[in-house]
Amino acid sequence: MFIILWAGISFVLFGTSYSAGDVSLWSFPSLMTKDSKGRNKLLADARIVSSVSGSIIVLTVLQASQSVGNFMSHKMDNNSNAMQAGVMLVCCLLIIFGSALFQITGFFVKERVKPVHHKVSIKENFRVMWRCRPFRFIMLSGILRSPYMLMNLVQNVIYVYYFGNNGQEPYIKYMLVSGTFSMAGQLIGNSMTPTLVQRYSKSGLTVVFSMISAASGAGIFCLYLIFKHNLCDIFPFMIFSALLFAFSFGIGIIFAIQSFMIGDAVDYEEKRSAVRHDALFFSGQSLLVKIATGISSVICGIVYSAIHFSGENINRINEALCNGASFRSDPEFEKYTTPVFIMFSLLPAIGILLGTIPVKWYSDYE
């Protein structure tokens, strides 16, 4: 009980301190220039760096954790405990290293837009956010889009179990190839967005590229149904990677535009009340990530519990795979692979489509 309490308090303290730095970081572009084109370029660049960093972590943290876990397994009796210790050690080191890099930003950023400093209560902050109608629609859109995070949460299961048979087959090559396609899609989408918003409305672009991402997600599930046991073959795998590229391309544009919209909401509220709320409004962006992670984690937990892909049953599955069973090919494992692919592709597609509904009302403020 003490360990759980300690872990919970530590997690809350870390989340609070990290959010304070994250909100400040995303507020900088809005304070570095008042020109909307310049601000959008800065926000797009920030999205590019975020996409590259996130992709590198996704592509390396699992392999690094397993390598450390394998090393520690020689010194620990329980292999499962060694793997868990490997994950914890690698993640803690990354958190310490990443938190240290946060400090560099403060030395090199110059704020050219001077906000009006005034003290307000938490209750008043919520009033300001609710009163700003365009910001309200941005937040509602982000909340409805939350299931997109499922793709990030279950992708390790896809690679480790479906492509790698839980370490019995090499899966890193699949992760690197498809991950490169995904990262390229986000980078191209992020970099194109500042040009696109000069020619087309942000709400219209959000709807169009949401449909592209949703269609790509649905396409991944259809591909799984067609090549249920053979996605590792070169032809279906390249289609899989291309669909991931299209999905990430749309996502890159959607989330860059979301940042642009928040910057516009700051300007809108300044014109309305003569007060800038950069940090307050950009805190909504961090909040949306946490809401998406929370909702998607709950969905994952419910599905894993329903199909018994948790607890002692995981140990039985791993033992069967070690004894020659195939998670990808054996029909007895379809009760796991199909729900996992639904969470990886269909549910994110549905969430992205739902996120377009509030955009209809946001368009009135463009």
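Asn156, Tyr159 and Phe163 of α6 meet Tyr174, Met175, Ser178 and Gly179 of α7; a contact is a pair of heavy atoms within 4.5 Å. These contact residues comprise four nonpolar, three polar and no charged. Here Ala, Val, Leu, Ile, Met, Phe, Trp, Tyr, Cys and Pro count as nonpolar, Asp, Glu, Lys and Arg as charged, and the others, Gly among them, as polar.

The model is predicted: local features need pLDDT of at least 70, side-chain atom pairs need pLDDT 80 or more, and totals for chains, interfaces and linings use all residues. Numbering starts from 1 along each chain as its sequence is written, and side-chain values use heavy atoms, without hydrogens or water.

**The α6 and α7 crossing**

Helix α6 spans residues 150-163 and helix α7 residues 172-199; their axes come within 10 Å and cross at roughly 140°. Axes are lines fitted to C-alpha atoms, for helices over the stretch in contact, with angles from 0 to 180 degrees between N-to-C directions. The crossing of α6 past α7 is right-handed, meaning that the near helix is turned clockwise from the far one by less than a right angle. Helices are DSSP runs (H or I, at least four residues), numbered from the N terminus.

**Kinked helices**

| Helix | Kink site | Angle | Proline |
|---|---|---|---|
| α1 | Trp26 | about 25° | Pro29 |
| α7 | Thr193 | about 45° | Pro194 |

For α7, with 28 residues, the first and last C-alpha atoms are 40 Å apart, close to the expected 40 Å. The expected span is 1.5 Å times one less than the number of residues.

Trp26 and Pro29 are among the buried residues of α1, as are Asp22 and Phe28. Buried means under 20% relative accessible area, exposed over 50%, and partly exposed in between (1.4 Å probe, protein chains only).

Ser146 sits in the loop between α5 (133-144) and α6. Ser146 is buried, because its relative accessible area is 0%. Beyond four places in sequence, Ser146 touches Ile291, Ala292, Ile295 and Ser296.

Ile299 belongs to helix α10 (residues 278-306). Its relative accessibility is 23%, so Ile299 counts as partly exposed. The C-alpha atoms of Ile299 and Met149 are 10 Å apart, across 150 residues of chain.

Technical notes:
Helix = DSSP H or I, 4+ residues; strand = E, 2+ residues; numbered from the N terminus. Bend = angle between axes of the 7 residues up to and from the residue.
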